[in-house]
Amino acid sequence: MDRFFRVNAWRLTLALLFVLTSAAINPALARQTGSGTPPATTQAEETTPESTVAATEAPAESPTAVPPTEVPVEPTIEPTAEPTDVPATEAPTEPPISIPTETAPASTPDALGIQALEEETSTVTLTVRSTRPSIARALPTGASWSLSFDSVVVENGVFPSQTLPQAIELVEALPYGVYELSIDAGPIFQPFTATYTVDEAAEGIDAALAPVTDSAVSITVTSSNPSIANTLPVNATWSVSSGGVPVDSDTFAADDLALPAAIPVTNRVPFGSYDVTVSAGPTFRPYSATFVVDNVTESFSIVLLPFTWTDVSFTASSSDPSVDNTLPSGATWSIRTPGGVVLAQGAYGPDNLDLPATIDVVPLIPFGTYQIAISAGPQFNDFSGTFVFNSTSELFNITLIPNDASFITQLIAQLIAILTAILAGQA
């Protein structure tokens, strides 16, 4: 009886060791053959030869062996030594160690399971404004812009309107990065260049344009009445000042006396207010005006008023000095309108009787057409002539004709003198 229990205990121990060995070997083989859990159908094929032999021997020795299903099958630590005749009651009671297995991701585009990130882009809006709207508040026609990355233009265009401020949304989204913006809005605004960093999903680029603050100025001088005066006098001058401080001045060149003439302005003129004067007397009245320069190009016109009063002089001479070359005492002169209105008159004084004699008329005579008359009888015939006064200074030459009575009288006087001398010689 004791032998019967010893034999059965030995068989039961072998069966228990077989079950425990199979449960420990199968997970280890699964880890050695690769990642992932092997199919259930391959577990039997991966059982070691020793376990196979043990499994076939156990039924032959004892038909009463405990079925494997009656023993809990849990993963245990892989045995490191050959099985010994240890009673089942002495088996390790420590909880089995669970060895986690690695699971592959659902989708792996590469061996490391890292997916490539999509390129980040930004919607960009460009806003342009003027730094000094009081000077320049609108873009010139054809103003353009360009946006470049690493010196390569990625987008450009012409501003759709001249209105400032103005916003433009770029057509294409831009990848994140540093971009250079250039704007050509000359000649109203200075050239613009700046860099911007695009690193957000929506970006606003603000460009503040600085207006040009100096001007290319040209000045033209004309006469308000070319029929009266259309030529500047020699030594006519011009001058420019700002706030009472002289800026520039010069004398009109000889080639610029004929009107219209230009005042040369070779340098650009800063924006501001300027006082311009022209001295062109006595042909033209003094000129003074204030000009405001507030555009990149300016053209000013100076219109001179001719001096419409004439300083008149006239000289009287004899057509035949051998007959008569002296005005009689009491000879007179006068200047009248065509309607007979006397503007000036006078008498020749004792110092003006010998011809030629010059009279300086006082006062000044307005521009116009007039008659000058001289009464110097009986030696000379009365004189009356029509003259046009259209210059600030006029000198007229008048020729007096001795009258016939004076000629006969002088001839008789000369004959009498000759006869008297002859008779005196005979005596």
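Select strand β18 (residues 332-336) together with β19: the two pair in the antiparallel sense over five bridges. Strands here are DSSP runs of E of at least two residues, numbered from the N terminus, and two strands pair if DSSP finds at least two bridges between them. This is a predicted model, in which local features need pLDDT of at least 70 and side-chain atom pairs count only at pLDDT 80 or more, while totals for chains, interfaces and linings use all residues. Residues are numbered from 1 along each chain as its sequence is written, and side-chain values use heavy atoms, with hydrogens and water left out.

Now widen the selection to the whole sheet. It is open, has four strands in the order β19-β18-β22-β23, and its pairing is antiparallel. At the edges are β19 (342-347) and β23 (383-389), each of which pairs on one side only. From one strand to the next the twist averages 15°, with axes taken as lines fitted to C-alpha atoms and angles running from 0 to 180 degrees between N-to-C directions. Strands of a sheet pair through backbone hydrogen bonds, either parallel or antiparallel.

Next, select D324, in the loop between β17 (309-318) and β18. What does the side chain of D324 reach? The contact is with the backbone nitrogen of T326, at 3.2 Å. A polar contact is a pair of N or O atoms within 3.5 Å; within protein, one must be able to donate a hydrogen and the other to accept it, and residues adjacent in sequence count only if both atoms are side-chain atoms. D324 is buried yet has no salt bridge, and R336, the nearest side chain of opposite charge, is 22 Å away. Buried means under 20% relative accessible area, exposed over 50%, and partly exposed in between, with a 1.4 Å probe and protein chains only. A salt bridge is a side-chain nitrogen of Lys or Arg within 4 Å of a carboxyl oxygen of Asp or Glu; for charge, Lys and Arg count as positive and Asp and Glu as negative, with His and the chain ends not counted.

Turn to the aromatic rings. The structure holds six aromatic pairs. Rings of Phe, Tyr and Trp (its six-membered ring) pair if their centres lie within 6.5 Å; planes under 30 degrees apart count as stacked, over 60 as edge-to-face and the rest as tilted. Select F291 and F300, a stacked pair with 4.5 Å centre to centre and 10° between the planes. F291 is buried at a relative accessible area of 11%, and F300 is buried at 13%. Then select F314 and W333, an edge-to-face pair with 5.7 Å centre to centre and 70° between the planes. Because F314 lies in strand β17 and W333 in strand β18, this pair ties together parts that are 19 residues apart in sequence. Both F314 and W333 are buried. For a cluster linked by ring pairs, select Y370, F387, F389 and F396.

Move to strand β2 (residues 144-149), which runs antiparallel to strand β3 (residues 152-158) and is joined to it by six bridges. S144 stands opposite V158 in β3. The hairpin of β2 and β3 has two residues between the strands, and D150 there takes a positive phi near 55°. β2 also pairs with strand β6 (residues 177-184), in the antiparallel sense over five bridges. Here W145 stands opposite I183 in β6.
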